Amino acid sequence: MKFIDVHCHLDDERYGDEGALFDGIAAAGVKKVISAGFDLQSSINCKELSEKYDCCYFTAGFHPTELKNYREGDLGKIAELAAHKKCVAIGEIGLDYHYPDTDKPMQRELFLRQLRLAHELKMPVQIHSRDCAEDMLAVLKENSSLLTDGALMHCYSHSLEIAEELEKLGFYFSFGGTSTYSGSKRARKCIAAIDCNRLLTETDSPYLPPRSKAGQFPNTPESIGEIVANMAELKGLTLEDTARTAWDNAHRLFSKL
């Protein structure tokens, strides 16, 4: 059985020993991981990890809450990283209105510029979306022509109704550790309803531990097995079938895998 973590952050010093981290990933049956960049430096770090470990791939992009690190010209450098054989997507990019000092116009501008970049490069995108459901859906509908190379809504947290609209735009959806909690009713409802061929598995490590590791830090891709088991239960499928479907879906969306 092969597990895949399509969205994690493995360039974090808080994991401790890097070799031990990747040994644990392998021991848990996680055959491939995608380490997501959130600004230029983290994207470079993820590239370097991908060159050290066969199982590791990466994304390059600017997260909406990390735009303080953005400098004009950085998207050209992101494009250079995207040409790497193990860069599978532009990401993570998107909108995040969680904090009171959010610069919404700047977030939207950089989000659109990165969507255009991905379209120019014929690459999929990994999208972050928090506390912005209506604006996110509007932006994506208005710019659906930029999504022709595939899109993932990572750690999906909006309603089933929004998911149904995004599915019409060709989106995939990944769910992580928070979906294993019985109180995560929205995520669990979405997993049960969304077509199996649109579901992916992630941990968002080092964040969002699953139920069995509640309160622990750092979370790691070793948690994928619990996340897949929870997804299988919600879908009424076997663990093996669910893991195989998530693996196949990931390879369909991210062609460089």
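User: Which residues of α7 meet which residues of α8?

Analyst: R188, I191, A192 and A193 in α7 meet N230, M231, L234 and K235 in α8 (contact: heavy atoms within 4.5 Å). By class, this contact has five nonpolar, one polar and two charged residues; Ala, Val, Leu, Ile, Met, Phe, Trp, Tyr, Cys and Pro count as nonpolar, Asp, Glu, Lys and Arg as charged, the others, Gly among them, as polar. The model is predicted, with local features needing pLDDT of at least 70, side-chain atom pairs pLDDT 80 or more, and totals for chains, interfaces and linings using all residues. Numbering starts from 1 along each chain as its sequence is written, and side-chain values use heavy atoms, without hydrogens or water.

User: At what angle do α7 and α8 pack?

Analyst: Two packed helices are described by the angle and the distance between their axes. Helix α7 (residues 185-193) and helix α8 (residues 224-235) pack at about 65 degrees, with axes 8 Å apart. Axes are fitted to C-alpha atoms, for helices over the stretch in contact, and angles run from 0 to 180 degrees between N-to-C directions. Helices are DSSP runs (H or I, at least four residues), as are strands (E, at least two).

User: In what order do the eight strands stand?

Analyst: Strands pair through backbone hydrogen bonds, parallel or antiparallel. Here the open sheet runs β1-β2-β3-β4-β5-β6-β7-β8, with parallel pairing (at least two DSSP bridges). β1 (3-8) and β8 (199-201) are the edges, each with a single partner strand, so one side of each has no neighbour in the sheet. The twist averages 30 degrees from one strand to the next.

User: Which residue stands opposite I127?

Analyst: I127 faces M153 in β6; β5 and β6 (residues 151-153) pair in the parallel sense over three bridges. As for α8, this helix lies across β1, β2 (30-36), β7 (171-175) and β8, at about 155 degrees to β8.
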